Amino acid sequence: MQLFQQLNELAVELQNKPFLHEFFSENQPEAYAQVGWLESMHRNKWLIAGNRAGKTVCAGIQIMADSLGIDILTKGVSKRFPPEKQKRSLRSWVVSDTEDTSIDIVQKTIVSDILGQDEAGFLWNFVDDSCSYTEQGGFKNGVLSFTNDSSIRFKFSTQKRKTFQGASLDIVWLDEEQPKDIYDECRARVIDSRGFIMGTLTPIYERLRGIPWLYYDLYLQRHQKNVEFHNWSLLHNPYIEEEAKQELISEWDEDQREVRINGMFVPMGVTLAFPGSLLKQVREDVIKPQSGQIRFNEEGKPELAVA
């Protein structure tokens, strides 16, 4: 009874703070930016975005809200899971590259931008008392537990494939590109539970590895494999001043900008024969070809008769 009362208080608290939906609606020119991501009920969705575009915060909000059974946009009860599943706790994983990146990026973002640094804050009321956090070590035993018995376990791909086998999960969030064998194991973990896979990354090109595997295996085959992709840009982040954005962009080489600004699947570290700005201008200046017939007028001069 106390738990349901707490969840009701959480819904009221969120209802009194409608900033999230208003902020995203007013500041995002893309139809499928943060709002589209949070609204999507797709079971395998990926967020491909530039650096500093807010993808980690967005996915963190999603998995936290799911764990508490809250629809972060409507502030009501989440409908991402069927009613019978909403009555029980959810089991989730967040997978990072290494333990350090898990602690320094994902766990730190969840605490600083979602839960709040002050553990006396409102959302910390829904974190189980057995759960503790330090900036150096992250969450104790790599687990964030809630008072409704839901939990988020922080894992990393350097633990190797075997440690990802066997479990049945409701949600797996892959932060940045993980090895394909890790993805395959995580995908298998949510099949029987009809759970969700989420992925967030900036597709950084590595010369020795080439374009990320998921470009060929998921992105190009997204319709056949029923995978949903969302994309937005660093330029859509209103929390960063325009001057600061331009300073950051100016530090990136020409071949890096499409990836780091817009999250595009393009090679980096490859010297371009011509500047990207020149290539873009050439494309814009191209005149669409016309079809027609050449004929000679009465003066014997050729004329183009456009079809």
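User: Which strands does helix α6 lie across, and how is the helix angled to β6?

Analyst: This is a predicted model, where local features need pLDDT of at least 70, side-chain atom pairs count only at pLDDT 80 or more, and totals for chains, interfaces and linings use all residues. Residues are numbered from 1 along each chain as its sequence is written, and side-chain values use heavy atoms, with hydrogens and water left out. Helix α6 (residues 99–115) lies across β2, β5, β6 (151–156) and β7. It runs at about 150° to β6. Angles run from 0 to 180 degrees between N-to-C directions, with axes fitted to C-alpha atoms, for helices over the stretch in contact.

User: What makes β5 and β9 edge strands?

Analyst: The open sheet has the order β5-β6-β2-β7-β8-β1-β9, with mixed pairing. Two strands pair if DSSP finds at least two bridges between them. β5 (143–145) and β9 (228–232) each have a single partner strand, so one side of each lacks a neighbour in the sheet.

User: Why do β1 and β8 count as paired?

Analyst: Five bridges join these parallel strands, and the definition asks for at least two, so they pair. Ile48 has Leu201 in β8 as its bridge partner.

User: Which residues of α7 are called buried, and why do they line one face?

Analyst: Ile182, Tyr183, Glu185, Cys186 and Arg189 are buried, meaning under 20% relative accessible area with a 1.4 Å probe, protein chains only. Down the axis of α7, the buried residues fall within an arc of 165°, so they line one face. The arc is taken from the directions from helix axis to C-beta atoms.

User: What do the buried residues of α7 pack against?

Analyst: They contact (heavy atoms within 4.5 Å) β1, β2, β7, β8 and α8 (213–219).

Note on methods. Buried < 20%, exposed > 50% of the residue type's maximum accessible area, 1.4 Å probe, protein only. Helix = DSSP H or I, 4+ residues; strand = E, 2+ residues; numbered from the N terminus.
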